[in-house]
Amino acid sequence: MATQLKVQLGPLKLQNPVLVASGTFGYGEEYNRLYDVSRLGGIVTKSISLKPRSGNPVPRIYETPSGMINAIGLQNVGLEAFIQKKMPFLRSLKGPRIIVNIVGDRISEYVELAARLEDVKGIDGLELNLSCPNCERGGIEFGVNPKLTAEVIRKVRRRTRRAIIAKLSPNVTDVTLIARAAAEAGADALSLINTLLALAVDASTWRPRIATVTGGLSGPAVKPVALRMVWQVRRALPKTPIIGLGGIMTARDAVEFLLCGANAVQLGTVNYVNPKAPLEVIAGLKSYLAERKLKSPSALVGKLQVPERLRGLPQVVTG
Amino acid sequence: MVQEKAKILLHRKIARDHYRMRLKAPSAARGARPGQFIHIRCREESPYDPLLRRPISLVDVDPTGGTLDIVYKVMGLGTRALAQMPEGSKADFIGPLGKPFAFPPKGKRAVLIGGGVGIPPLVFLAKELLKKKIKATAFLGARTKEWVICRDDFRKLGVPVHVATDDGTLGFHGSVVDRAAESGRVAPATRHFLGSRDSAASVAGDLVFYICGPTGMMKAAAALARRRGIPAQVSLEERMGCAMGCCMGCVVEVNTEPVGSHARFQRVCTEGPVFPAEAVLWR
């Protein structure tokens, strides 16, 4: 039997397990100028808020060894302009699943976003940005607290029939607590990880490199942290669909995430470095599987070889 | 716009710390306009350091021969890695990117004010202006003599060049903008349109400024243009993530959109790099 790349991610059928990450791919049209984005497994849009946002002051980005820090501040066109101006193109794509990433300052905003998107055609799922560390007002409060995380998801769950994907922050002591809360509240899948809270300094001027002082670190530098968290969550939640992301540059990086327990992957920062990376990862994954006579990406999921005593569920953490 | 690996046909040092690179890129060369840039990858393999591409403006384009030329200055990790790429190897670039310079109406005269590594895009601009029978004069500034680049490119085009250096090692001693405006001592040619306030008004209507260089220089040149009522375009430089309009990292604040509007911060890679000078809120 020939190798194929289709995967099932909770309720979502993907033509391949390679998605592009929120905030790194605009609304799809931008990169369609360079290649046919309908070949992607899924597109996660830039975070959408109810009202347009102007974002943070500059400088907003800074390059670090094998990574970058960003503090964009969720600059976006807002829900109405998104529906009117950005959705028509996304809707026209037949191949990829379209996931709209939403963000709010209050739980009621997530709920309203979900409700208003419910009648918009061409959307397959909502990814809840619970973890953006840049915005003073929102994001991080939800994602670092299991109760708030659960509450947002539960309330959004009541207003949408679409798949709910919770994007988790890595800036917590035990990511499995948040992951469990999200899954039990009704999330269909988890995306992990978002960026790591970081700071870069200019020793000449004694100033931070980013206007908001701190920002989110992404790129190959964060991959080991992301792999560790995917593995931990997979052990804690054997059945929950996981989308792994964090520093994936190549097909082999994607394989590492699958081995640690991810069912699919998102590519983020690499879009800036090598726009055609998603296509290269799709092709590379197929040949990786074919060379090993594996029928599907699911043959790799959670297959990391670890000592016996480290398999299965970790001890329950309480308190 | 394309992303492709282009053969490096030429790669040589043109001044201390400055290099010129020619890429074989026929499809990109066909549509490239002055003021546009390419986003070039400096290192392709692990550990991906530097990770991000570098935006570099076009100094010349040959649509017939299918080549793009860039000039860059070695500033840090990225450009240092770029300088190591041998002729004959391939460079991964995206381009052409960004909004080009707008040409003035017939009868106007273009004043090109360039500082340091901001000079190269003005060479490409001068070439295209001359094709449209628009006269151009170049004012080039740099910290020191060795960094006054591209003089020969302008001369070959027949564009008069006036030079200023911060340390006085070449041409006028001082800033290319301020001193030109205040003293009129840069060269006789400046005096009649920049030097004297009295004569300025009568000739200002015929001039257009094209400005590219360090922020301080651009700010001063933009202020001069505003004082004299001369329309001016600036080509900005910013650190860039994607250069495709997605990351929102390279934004500049403009006064043409209301405070708080999502369009108040515009992308240098997409709405720019060329902006009307009066729209830019200088940092």
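**Reading the two chains**

Modeller: The secondary structure of chain A comes to ten helices and 16 strands, where helices (H or I, at least four residues) and strands (E, at least two) are DSSP runs numbered from the N terminus. The radius of gyration of chain A is 18 Å, close to the 20 Å given by the globule rule for 319 residues, so chain A is as compact as a globular protein of that length. That radius is taken over C-alpha atoms, and the globule rule is 2.2 Å times the number of residues to the power 0.38. Along the principal axes, the C-alpha atoms of chain A fill a box of roughly 50 × 45 × 40 Å.

Biologist: What should I know about the model and its numbering?

Modeller: This is a predicted model, in which local features need pLDDT of at least 70 and side-chain atom pairs count only at pLDDT 80 or more, while totals for chains, interfaces and linings use all residues. Residues are numbered from 1 along each chain as its sequence is written, and chains are lettered from A and ligands numbered from 1 in the order in which they are written.

Biologist: How many helices and strands does chain B have?

Modeller: Chain B has eight helices and 15 strands. Its radius of gyration is 18 Å, close to the 19 Å that the globule rule gives for 283 residues, so chain B is as compact as a globular protein of that length. The box filled by the C-alpha atoms of chain B, taken along the principal axes, is roughly 60 × 45 × 35 Å.

Biologist: How is a pair of packed helices described?

Modeller: Two packed helices are described by the angle between their axes and the distance between the axes. Axes are lines fitted to C-alpha atoms, for helices over the stretch in contact, and angles run from 0 to 180 degrees between N-to-C directions. In chain A, the axes of helix 5 (residues 146-157) and helix 6 (residues 175-184) come within 8 Å and cross at roughly 25°. Helix 5 and helix 6 of chain A are therefore roughly parallel to each other; angles under 35 degrees count as roughly parallel, over 145 as roughly antiparallel, 65 to 115 as roughly perpendicular and the rest as oblique.

Biologist: Which residues make the contact of helix 5 with helix 6 of chain A?

Modeller: Two residues are in contact if their C-beta atoms, placed from the backbone, lie within 7 Å. Helix 5 of chain A contributes Pro146(A), Thr149(A), Ala150(A) and Ile153(A), and helix 6 of chain A contributes Leu177(A), Ile178(A), Ala181(A), Ala182(A) and Glu184(A). These divide into seven nonpolar, one polar and one charged. Ala, Val, Leu, Ile, Met, Phe, Trp, Tyr, Cys and Pro count as nonpolar, Asp, Glu, Lys and Arg as charged, and the others, Gly among them, as polar.

Biologist: At what angle do helix 3 and helix 5 of chain A pack?

Modeller: Helix 3 (residues 107-117) of chain A packs against helix 5 of chain A at about 30°, with the axes 9 Å apart. That makes helix 3 roughly parallel to helix 5 of chain A. Ile107(A), Tyr110(A), Val111(A) and Ala114(A) in helix 3 meet Glu151(A), Val152(A), Lys155(A) and Val156(A) in helix 5. By class, this contact has six nonpolar, no polar and two charged residues.

Biologist: How do helix 8 and helix 10 of chain A cross?

Modeller: The axes of helix 8 (residues 251-260) and helix 10 (residues 277-291) of chain A come within 8 Å and cross at roughly 65°. Helix 8 of chain A is thus roughly perpendicular to helix 10 of chain A. Among the residues of this contact are Ala254(A) of helix 8 and Gly284(A) of helix 10.

**Backbone details and the chain contact**

Biologist: Where are the cis peptide bonds?

Modeller: The bond from Val58(A) to Pro59(A) is cis, with omega near 0°, and Pro59(A) lies in the loop between strand 4 (42-44) and strand 5 of chain A. Another cis bond joins Leu192(A) and Ile193(A), with omega about 20°.

Biologist: How many residues does each chain bring to the contact?

Modeller: Chain A brings 34 residues and chain B brings 25 residues. On the side of chain A that touches chain B, there are 16 nonpolar, twelve polar and six charged residues.
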